[in-house]
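The sequence and model come first, followed by the account of the interfaces.

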Amino acid sequence: MSAHLKQDEPDTSNRLDNMRQGVLGKPLSRIDGLAKVTGTATYSAEYSPENCAEGVLVTATITRGVVTRIDKDSVLSMPGVISVIDDARLTTRAAQGTADEAPQQSPRTVCYWGQPIALVVAETFEQARDAAKHLKVIYRENEAAPVSPDLVEPKEHEDETVRQGDLARAMSDAAHSVDIAYTTKGHASAAMEPHAAVAEWDGKKLTVHASLQMLNFNITELADALDMDEDKLRLVSRFVGGGFGSKLGVSEETVAASLAAMELERPVRVVMSRQQVFQCVMRRSETTQRLRLAADKDGKLTGFGHQALVSNLPGETFAEPVLQSSHFLYAAESRELKLNVARIHQMTAGSVRAPGEAVGMPALEGAMDVLAEKIGIDPVELRLINIPEEDPEQGLPFSSHKLAECLKQGAEAFGWDSGHREPRVKREGEWWVGTGMASAARVHNVSEAKARVTLKPDGTCLVETDMTDIGTGTYTILAQIAGEMLGLEIDKVLVDLGDSQHPRGPGSGGSWGAASIGSAVYVGCKAIREELATRAGTSEAELELAEGRVVGGQTLTALLDGDEISEEGHYEPGDIKDDYTASGFGAFFAQVRVNHFTGETRIDRMLGAFGFGRVLNPKTARSQCLGGITWSIGVALTEALEFDPRDGHLVNCDLAEYHVPVHRDLPELEVVLVDERDPAASPIQAKGIGELGMCGGAAAIANAIYNACGARLFEYPMTPDRVLAAMPE
Amino acid sequence: MTQSISVNGAQHPIPNDPRVTLLDFLRHDAGLTGTKKGCDHGQCGACTVIVNGIRINSCLTLAAMHDGDSVTTIEGIGTTDNPSALQRAFMEHDGFQCGYCTPGQICSATAMFEELANNWPSDASGQLEGKIEITGEEIRERMSGNLCRCGAYANIVAAIQAVATEKGS
Amino acid sequence: MRPFQYNRARSLADASGIISDKGALAIAGGTNLLDLMKLQVEIPEQLADINHLGMAEIADTEDGGLRIGALATNTAAAVHPRVRSDYPVLARAILAGATQQLRNKATTGGNLCQRTRCFYFTNVDQPCNKREPGSGCGAIDGIAKLHAVLGTSDQCIATYPGDMAVAMSALGAVVHIAHEDGEERTVPVADFHCLPGDTPWRENVLEPGEIITAVSLPAKVAGTQIYRKVRERSSYAFALVSIAAIVEIKNGLFSRADLAFGGLAHKPWHDPRIADVLIGQVPSEKLFDEAADILLSGAQGFGENDFKIPLTRRTLHAVLAQAVEQAA
């Protein structure tokens with residue numbers, strides 16, 4: 001049986017608040033936790049079928065051109081080498097998120113330095129790794145390969161363009177205005193688990209254990225790449241060692257392992273080296289941005305301009321959506337937003353945690369701080385007075401809007417001093433100390449999703465979907481939703497994820513997972529409740545379930561009487577998608593210290609207050625926020641992809657030289673979860689939280705650096721060299 | 001005589017190819033995949049194991065160099081039936097998200113307690129000599145060799161502090 | 001990683017014999033060598049595992065100094081009671097480097113031989129005169145943020161990345177080197193590493209078949225010891241610049257100023273002229289600037305690393321000011 005809900009209207013019934021089990025919204029520990037802490041959670045590369053061969057990708061050492069010859073004989077006589085796979089179906093880029101089709105193939109055409117061009121398969125990993133380095137490849141290079149955005153004429157990404165009123169006029173008439181250029185460097189997802197796939201072909205069906213975020217799209221992408229029917233494929237991703245965008249689309253190792261397994265008729269494992277993960281999956285584009293803010297004497301914005309230049313390879317549809325939240329965060333009559341894309345021959349640009357806001361918000365919120373200083377207004381107050389009543393561009397109502405509450409509750413919890421602000425006031429020894437704040441915003445997305453919920457005769461429940469848990473807590477929150485709806489403790493709910501044989505979920509990405517798949521489980525459970533209500537002689541609305549029984553009545557086991565009830569919940573966002581602007585909001589507060597001599601910045605403490613609809617599990621939700629704040633520290637201080645100016649290759653392609661934050665970079669962090677139900681966001685009144693926590697945090701740090709030492713930076717990351725260059729003498 | 005390594009108390013023969021790292025030996029030859037490969041270059045700490053009582057990156061040493069050594073991996077620290085205090089604290093404090101760095105974090109923290117008990121100083125120690133006080137800053141510095149990209153650091157430190165307090169009392 | 005023959009050396013002579021062959025290398029901790037072998041930057045045909053040669057001892061010397069065996073791990077050196085009490089600059093330098101896991105494996109001798117982190121050196125598909133003589137230097141017109149500003153050549157601008165040797169250089173430590181023929185020679189740490197010149201592949205004075213057996217530190221000297229490392233992350237990052245300082249102030253005047261610098265050159269940088277400027281003088285901002293002027297007179301940036309010059313000046317100010325404060 002299946003139950004379908006297409007949501008055209010806000011759901012204000014808040015049914016989940018009226019259930020009796022009381023497991024939803026509780027800070028429960030993860031149900032997959034024991035497996036993870038004992039090392040018994042099995043990640044993709046760890047499946048070891050009998051007779052598994054090992055493949056290592058070979059990557060291009062030119063920027064642009066054609067592979068004219070692959071000398072297979074150069075490695076086939078090496079010990080253990082089985083084959084060189086140079087099938088034309090090999091993919092050369094990772095698919096973009098939700099692509100639903102194969103990414104660029106034709107491996108003989110090279111578009112960027114480090115692009116995969118072949119796979120060497122051997123009996124052991126050591127043999128394959130060595131042989132991959134020995135494979136002789138002859139190229140014909142194309143000299144015309146611009147590798148830097150300033151070398152090409154960018155094109156406007158027209159979907160993003162907004163022109164309302166007269167910004168130039170607003171700027172010239174403004175009592176206060178700022179016009180600032182910002183730059184941000186590229187970022188890497190750098191998930192801890194390298195991209196990996198183990199493919200097995202039994203002559204009829206291909207089973208691939210792969211590290212992927214969105215099996216519902218990935219299976220189509222893989223089928224398209226292999227030119228096979230989807231029903232001959234099975235993808236499994238039970239545990240994914242982090243994704244952050246890099247595993248949204250099917251990547252090169254999965255296609256390569258699949259082709260090799262079918263060609264060699266034996267299982268093949270392909271795991272990317274860390275350097276390959278850096279060089280041939282995804283980068284977040286660098287950005288150059290211009291912020292123009294015009295305000296009247298009281299600080300009300302009259303003009304708002306945000307332009308950005310990003311880059312990507314020719315042929316890629318993705319453009320870092322820098323302006324995403326700028327479209328609606330602050331009211332201003334005159335608006336001008338424009339996104340330009342430069343086509344260059346660096347590795348693929350794509351989604352890295354919070355595409356868009358991750359770099360757009362730090363620029364916008366940095367500019368807001370400069371404006372607040374010019375006006376002489378508390379920066380919190382400047383945000384508060386510019387919160388729009390409705391979407392300032394589209395005129396749509398907000399589904400729910402908690403920015404003001406976040407700013408106020410955050411300021412209160414942090415102990416924000418709303419008095420006069422002046423930089424370079426507090427010094428402790430070598431260190432300047434200061435505070436800063438910024439707003440957070442991240443668009444809320446929701447997507448079609450299916451999940452099968454089965455209530456077993458023994459009163460336990462099984463939830464099945466191809467949805468993945470990449471560390472967000474999906475396993476746990478789905479158990480909580482099902483437990484809440486069906487009156488079960490979560491240890492009575494088995495959640496089976498990450499198998500393409502299950503109903504298709506939304507995939508994990510864009511922070512839409514919980515709201516989408518949670519709604520599908522909710523819909524499925526509701527249908528089961530209908531059946532249970534009938535059996536109990538009551539209505540679904542009246543049915544009260546807790547501790548495995550009807551409250552004051554029969555047990556579920558008795559009610560089921562040997563039957564199982566299985567329902568496929570199918571959730572689809574309908575008109576709510578078009579009728580509302582939906583976003584998570586928040587506020588960041590930071591206290592930093594900056595070394596007067598060395599320009600090193602250390603964060604003393606940081607607080608984030610966030611409103612993202614119903615909190616399904618405060619423990620895992622808080623962890624998502626902590627993760628986001630951690631990333632914002634990376635954006636602020638350390639993370640920067642460096643590309644060679646001549647051949648465009650990613651230079652710092654490892655974890656020693658691409659500096660993700662370490663333990664010691666993280667101070668005491670505090671998270672305030674602002675109470676909210678968002679009825680137009682999803683039937684479970686929840687929004688996404690996987691990304692919001694990093695959308696603007698870097699600006700709070702930048703603003704604190706200024707407040708501390710007087711160095712106003714317009715470049716991220718704010719490394720010691722840049723801080724020193726901007727520090728007043 | 002066959003050369004072997006003791007892993008969690010069981011002897012495993014050393015493979016013939018000297019290129020096999022201790023990490024690949026554990027994951028492939030010994031079939032113990034709890035130890036993770038995150039970078040293979042000593043830059044992430046996911047492969048941290050305890051060799052003869054000392055924590056090291058198993059990716060940057062050869063299996064052949066460990067004949068007769070005694071290795072403890074995450075599988076030897078606790079089991080699903082009997083997890084260690086740290087493993088339980090990680091669950092309670094949500095000291096992980098994706099879980100990939102987690103075995104390394106736990107192995108690292110397990111060995112760190114010994115280092116602290118021996119009063120080994122760290123870069124964060126105010127004094128090089130004398131008793132080391134287990135502050136948040138001490139834990140953060142000592143755990144900095146274990147990257148967590150999910151950003152569970154705050155919770156990892158909370159879990160470790162909880163166990164430190166338990167041990168102290 | 002290329003196939004190689006693994007040999008567990010039975011004696012120093014055995015090890016020395018093996019590595020005197022072209023294409024053979026000694027392996028101790030392996031934390032740097034295996035990293036580079038996986039990248040095929042190092043492609044030895046033979047490895048001599050020297051871990052069982054018993055050179056891990058740390059012992060007092062007759063002249064009141066301390067002899068640290070080449071195989072003593074970085075951790076063993078940093079936590080040794082005498083290193084902590086008499087050579088805190090060395091303990092601090094070691095603890096500021098890498099991570100506990102790496103320090104637990106890395107050895108004293110190996111750390112001296114640690115190779116550069118230059119991106120072009122570690123990528124075998126890029127030009128590098130150090131790795132492949134004559135192929136060019138990728139860094140000079142490339143990404144050179146980490147690179148050297150002192151003692152560079154048109155062949156190479158790589159830096160020595162370590163911390164330990166910087167402190168040892170300031171302490172006036174001496175490297176003990178055994179030759180295949182059983183002879184031992186000593187070289188001051190300050191002279192152990194080479195400048196790139198026209199031979200960037202030659203990073204130190206070790207000859208084929210030579211093995212470091214120990215580093216000895218002279219007897220403790222009076223004064224304040226400071227190790228200051230400036231880095232982009234608060235931990236687990238190589239130095240942008242680092243300073244090891246042993247400074248004594250008597251009667252308000254500098255009486256000792258042994259300084260060495262990391263992150264600036266192909267070797268721990270030691271400039272005796274700095275001591276000449278400082279000693280006998282009253283500490284002042286102006287004096288610190290004079291010392292910085294001397295140190296940086298020949299400094300040359302390559303665009304991205306230009307910042308190291310003012311950063312070094314400022315860090316020197318901070319270190320000298322700290323030394324004065326601690327002496328007071």
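## Domain 1 against domain 2 in chain A

In this predicted model, domain 1 and domain 2 of chain A bury about 2,200 Å² between them, with carbon and sulfur atoms accounting for 56% of that area. Domain 1 covers 2–41 + 446–578 of chain A, and domain 2 covers 397–444 + 582–726. The C-alpha centres of the two domains of chain A are 34 Å apart. The contact involves 32 residues of domain 1 of chain A and 24 residues of domain 2 of chain A.

There are 2 salt bridges between domain 1 and domain 2 of chain A. A:Asp17 and A:Arg677 are joined by a salt bridge in which the closest N and O atoms are 2.9 Å apart. Polar contacts between the two domains of chain A number 12 residue pairs, both residues being at pLDDT 80 or more. On the side of domain 1 of chain A that touches domain 2, two or more residues each come from β1 (2–7), α11 (474–486) and α12 (513–536). The largest share, 5 residues, belongs to α12(A). By class, this side of domain 1 of chain A has 14 nonpolar, 14 polar and 4 charged residues.

## Chain A against chain B

Between chain A and chain B about 4,500 Å² is buried, 55% of it on carbon and sulfur atoms. The contact brings 59 residues of chain A against 54 residues of chain B.

The interface of chain A and chain B has 11 salt bridges. Residue pairs in polar contact between chain A and chain B number 33, both residues being at pLDDT 80 or more. The elements of chain A that give two or more residues to the side touching chain B are α1 (33–37), α3 (125–134), α7 (274–280), α15 (618–638) and β28 (668–673). Of these, α15(A) provides the largest share, 9 residues. The side of chain A that touches chain B consists of 25 nonpolar, 17 polar and 17 charged residues.

## Chain A against chain C

Chain A and chain C bury about 3,300 Å² between them, of which 51% is on carbon and sulfur atoms. In this contact, 42 residues of chain A meet 39 residues of chain C.

The salt bridges between chain A and chain C number 5. A salt bridge links A:Asp721 to C:Lys145, with an N to O distance of 3.3 Å. Polar contacts across the interface of chain A and chain C involve 18 residue pairs, both residues being at pLDDT 80 or more. At least two residues each of the side of chain A that touches chain C are supplied by α3, α7 and α17 (720–726) of chain A. The largest share of that side, 5 residues, is from α3(A). Sorted by class, the side of chain A that touches chain C has 13 nonpolar, 12 polar and 17 charged residues.

How values were computed: Residues are numbered from 1 along each chain as its sequence is written. Chains are lettered from A and ligands numbered from 1 in the order in which they are written. This is a predicted model: local features need pLDDT of at least 70, side-chain atom pairs count only at pLDDT 80 or more; totals for chains, interfaces and linings use all residues. Side-chain values use heavy atoms; hydrogens and water are left out. Contact means heavy atoms within 4.5 Å. Buried area is the accessible area (1.4 Å probe) that two parts lose on being put together, summed over both. A salt bridge is a side-chain nitrogen of Lys or Arg within 4 Å of a carboxyl oxygen of Asp or Glu. A polar contact is a pair of N or O atoms within 3.5 Å; within protein, one must be able to donate a hydrogen and the other to accept it, and residues adjacent in sequence count only if both atoms are side-chain atoms. Helices (H or I, at least four residues) and strands (E, at least two) are DSSP runs, numbered from the N terminus. Ala, Val, Leu, Ile, Met, Phe, Trp, Tyr, Cys and Pro count as nonpolar, Asp, Glu, Lys and Arg as charged, and the others, Gly among them, as polar. Domain bounds come from an automatic or database domain assignment.
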